[in-house]
Amino acid sequence: MKENERFGAIHVKDVSLWAHVGVFEKERLLGQEFRVDFSLWIDIFEAAQQDNLSTAADYSIAIENLQKLSSEISCLTIEKFIETILDRFEELYGKIPMKVLLTKCRPPVEGFNGTVQIEKTRNFSVFN
């Protein structure tokens, strides 16, 4: 079996966060709603073969760390926020392939009722 055939992606969607991120002081002071979707490519072979929890990825750790991180962070840009999320996931799981989609739910742009998203991947060279 090839090494990359051992990997599967765990996708987590719609993690709701309140974070102090934004250009305007009011955004950083009061905070605002964000949503995060993320994918982690992990070795699932043993967990799948043995149905063993000890070899499975515990994605609840990532969710709990996102919640903690969102209460601690204060920065100007969503670019900084997403890099901080990726850094935290790398601390938790190592240099595995990962993707994060960060959504700013109500950006303070007059007359705009949509969302703004930024997506970033990391460590996909592992498969090369």
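The structure is a predicted model, in which local features need a pLDDT of at least 70 and side-chain atom pairs count only at pLDDT 80 or more, whereas totals for chains, interfaces and linings use all residues. Residues are numbered from 1 along each chain as its sequence is written, and side-chain values use heavy atoms, with hydrogens and water left out.

The protein contains four helices and five strands, where helices (H or I, at least four residues) and strands (E, at least two) are DSSP runs numbered from the N terminus. Read from the N terminus on, these elements follow the order β-α-β-α-α-β-α-β-β. The C-alpha trace spans about 55 × 25 × 25 Å along its principal axes. Of the 128 residues in the protein, 38% are buried; here buried means under 20% relative accessible area, exposed means over 50%, and partly exposed lies in between, as computed with a 1.4 Å probe on protein chains only. Among the contacts (heavy atoms within 4.5 Å) with a separation of 6 or more, 64% are between residues 24 or more positions apart.

A pair of aromatic rings is described by the distance of the centres and the angle of the planes. Three aromatic pairs are present in the structure, on the criterion that rings of Phe, Tyr and Trp (its six-membered ring) pair if their centres lie within 6.5 Å, with planes under 30 degrees apart counted as stacked, over 60 as edge-to-face and the rest as tilted. One of these pairs is formed by Phe 34 and Phe 81, whose ring centres are 5.3 Å apart and whose planes stand at 85°, so the pair is edge-to-face. Because Phe 34 lies in strand S2 (residues 32-43) and Phe 81 in helix H4 (residues 78-93), the pair ties together parts that are 47 residues apart in sequence. Both Phe 34 and Phe 81 are buried. Another pair is that of Trp 41 and Phe 124, with ring centres 4.9 Å apart and planes at 70°, so this pair is edge-to-face. It links distant parts of the chain, since Trp 41 is in strand S2 and Phe 124 in the segment after strand S5 (116-122), 83 residues apart. Trp 41 is buried, with a relative accessible area of 18%, whereas Phe 124, with a relative accessible area of 29%, is partly exposed.

Helix packing was examined for H3 (residues 59-72) and H4, which pack at an angle of about 140° with their axes 10 Å apart; the axes are lines fitted to C-alpha atoms, for helices over the stretch in contact, and angles run from 0 to 180 degrees between N-to-C directions. This makes H3 oblique to H4, given that angles under 35 degrees count as roughly parallel, over 145 as roughly antiparallel, 65 to 115 as roughly perpendicular and the rest as oblique. From H3, the contact is made by Tyr 59, Ile 61, Ala 62, Asn 65, Leu 66, Leu 69 and Glu 72, and from H4 by Thr 84, Ile 85, Arg 88, Phe 89, Leu 92 and Tyr 93. The residues of this contact divide into nine nonpolar, two polar and two charged, where Ala, Val, Leu, Ile, Met, Phe, Trp, Tyr, Cys and Pro count as nonpolar, Asp, Glu, Lys and Arg as charged, and the others, Gly among them, as polar.

Several single residues were also examined. Phe 38 is located in strand S2 and, at 2% relative accessibility, counts as buried. Leaving out residues up to four places away in sequence, Phe 38 touches Ile 10, His 11, Val 12, Val 15, Ala 62, Ile 63, Leu 66, Phe 89, Lys 99 and Val 100. The C-alpha atoms of Phe 38 and Asp 14 are 8.9 Å apart, although these residues are 24 residues apart in sequence. Asp 14 itself lies in strand S1 (residues 7-21), counts as exposed at 52% relative accessibility, and has a positive phi near 60° in a residue other than glycine. A positive phi, near 70°, is also found for Asn 123, which is placed in the segment after S5 and counts as buried at 17% relative accessibility.

Lys 99, in strand S4 (residues 98-104), is partly exposed, with a relative accessible area of 30%. Apart from its neighbours within four places in sequence, Lys 99 is in contact with Asp 37, Phe 38, Ser 39, Trp 41, Glu 119, Lys 120 and Thr 121.
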